[in-house]
Amino acid sequence: MPYFGYYYFDPTWVLILIGAVICLIASARVRSTFSKYSRVRSRTGMTGAEAARRLLDSQGIYGVQIARVEGNLTDHYDPRSKTLRLSSSVYGSDSVAAIGVAAHECGHAIQDDVGYAPLRFRTAFVPIANFGSSISWILIVLGLVFGAGRGSYSFLVNLGIFCFSLAVLFQLITLPVEFNASRRALVLLRENGILYQDEAVKTRKVLSAAALTYVAGALSSILQLLRLIILFGGRDRD
C-alpha cells in the first residue's frame with residue numbers, strides 16, 4: 001500500500017466507512033418510522049404494557065413480569081429474570097408503534113417459553129461472543145507488536161481475527177431470532193384482535209425498520225472482519 005506524503009493510505013478504511021453509513025441509515029430509519037407511527041393511536045386504546053400482558057396471557061405465560069425501563073427504544077426481554085422491559089415511549093403509549101414493539105418483545109418471551117432453539121443457542125453464545133469481542137483487538141495488537149519484522153503471520157493475530165469472527169457469528173445468529181419474534185408478534189396481534197388490519201400494516205413497517213438495524217449491524221461486522229482478513233490474511237505469504 002503506497003504512502004502519500006508522510007501519510008499511510010489504507011484503502012480498507014472504506015469498508016469501515018461503508019459499515020458505519022449503513023448503520024447510521026438503519027438507525028435513522030427505525031427512529032423516524034417509530035416516531036411517525038408513535039403519533040398514530042390504536043383504536044383499541046391499549047397501551048404497550050397492556051397489549052403485552054394480553055398477548056402473554058393468551059399463550060399461558062403468566063410468570064413473565066412487565067416492567068418499565070428508562071431510555072428510548074431500550075425495550076428487551078430478559079430470559080434470566082423472566083422480565084419484559086419496555087421503554088417509557090412504549091410502556092404507557094397506546095400508539096400502533098408502541099404496541100408493535102411490545103408485541104415483538106413478547107415474541108422473545110414466547111420463544112423462551114417454548115424452547116425456541118435459535119434463541120437458546122444465542123443465549124448460550126453470548127459469553128463467548130462477548131469474550132471474543134473484548135479480546136480480539138488486544139490479541140491483534142500484541143501479535144503485530146511481537147511479530148514485527150519476523151516476516152511471518154503472527155499466531156496472536158490469527159487468534160485475534162478468529163475471536164472477532166465469534167462476535168460476527170453472534171450477529172448472524174441474532175437475525176433469525178429477531179425475524180421470528182416479529183413474525184410471532186404480528187400473528188398474535190391479529191389473532192387477539194389488538195390491532196385492526198390498517199393498523200397492523202403500520203406496525204409491520206415499524207418492525208421491519210427495526211429488523212434492518214440488526215441486518216445493518218451484521219453487515220458492518222462482516223465488513224470489519226473482511227478488512228482484518230485483507231490487512232493480515234496475506235502476511236504468511238509475504
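In the predicted model, aspartate 57 is partly exposed, with a relative accessible area of 29%, and its side chain meets that of arginine 53 in a salt bridge with an N to O distance of 3.2 Å. Arginine 53 is likewise partly exposed, at a relative accessible area of 25%. Both residues belong to helix H2, which spans residues 48-58, and they are separated by four residues, or about one turn of the helix.

This contact is one of seven salt bridges counted in the model. Another joins aspartate 112 to lysine 82, whose closest N and O atoms lie 2.6 Å apart. Aspartate 112 is located in helix H4 (residues 96-114), whereas lysine 82 lies in the loop between E4 and E5, so that the pair ties together parts 30 residues apart in sequence. Lysine 82 is partly exposed, with a relative accessible area of 35%. A further salt bridge is formed by arginine 122 and glutamate 178, with 3.1 Å between the closest N and O atoms. This pair links distant parts of the chain, since arginine 122 is in helix H5 and glutamate 178 in helix H6 (residues 155-191), 56 residues apart. Arginine 122 and glutamate 178 are both buried, which may be set against the partly exposed state of aspartate 57 and of arginine 53.

The strands considered here form an open sheet of three, arranged in the order E3-E5-E4 with mixed pairing. From one strand to the next, the twist averages 30°. The pairing between E4 and strand E5 (residues 83-87) is antiparallel and extends over three bridges.

A nonpolar patch on the surface is formed by Ile138, Val141, Leu142, Val145 and Phe146, which together present about 450 Å² of accessible area. Isoleucine 138 is found in helix H5 (residues 117-146), the helix that also holds arginine 122. With a relative accessible area of 48%, isoleucine 138 is partly exposed, whereas arginine 122 is buried.

Methods
Residues numbered from 1 in each chain as written. Predicted model: local features only at pLDDT ≥ 70, side-chain atom pairs only at ≥ 80, totals over all residues. Heavy atoms only, no water. Patch = residues over 30% accessible without salt bridge, like charges linked within 9 Å, V, L, I, M, F, W, Y side chains within 5 Å. Areas by Shrake-Rupley, 256 points an atom, 1.4 Å probe, with all protein chains shown as cover. Salt bridge = Lys/Arg side-chain N within 4 Å of Asp/Glu carboxyl O. Helix = DSSP H or I, 4+ residues; strand = E, 2+ residues; numbered from the N terminus. Buried < 20%, exposed > 50% of the residue type's maximum accessible area, 1.4 Å probe, protein only. Pairing = 2+ DSSP bridges. Axes fitted to C-alpha atoms, helices over the stretch in contact; angles between N-to-C directions.
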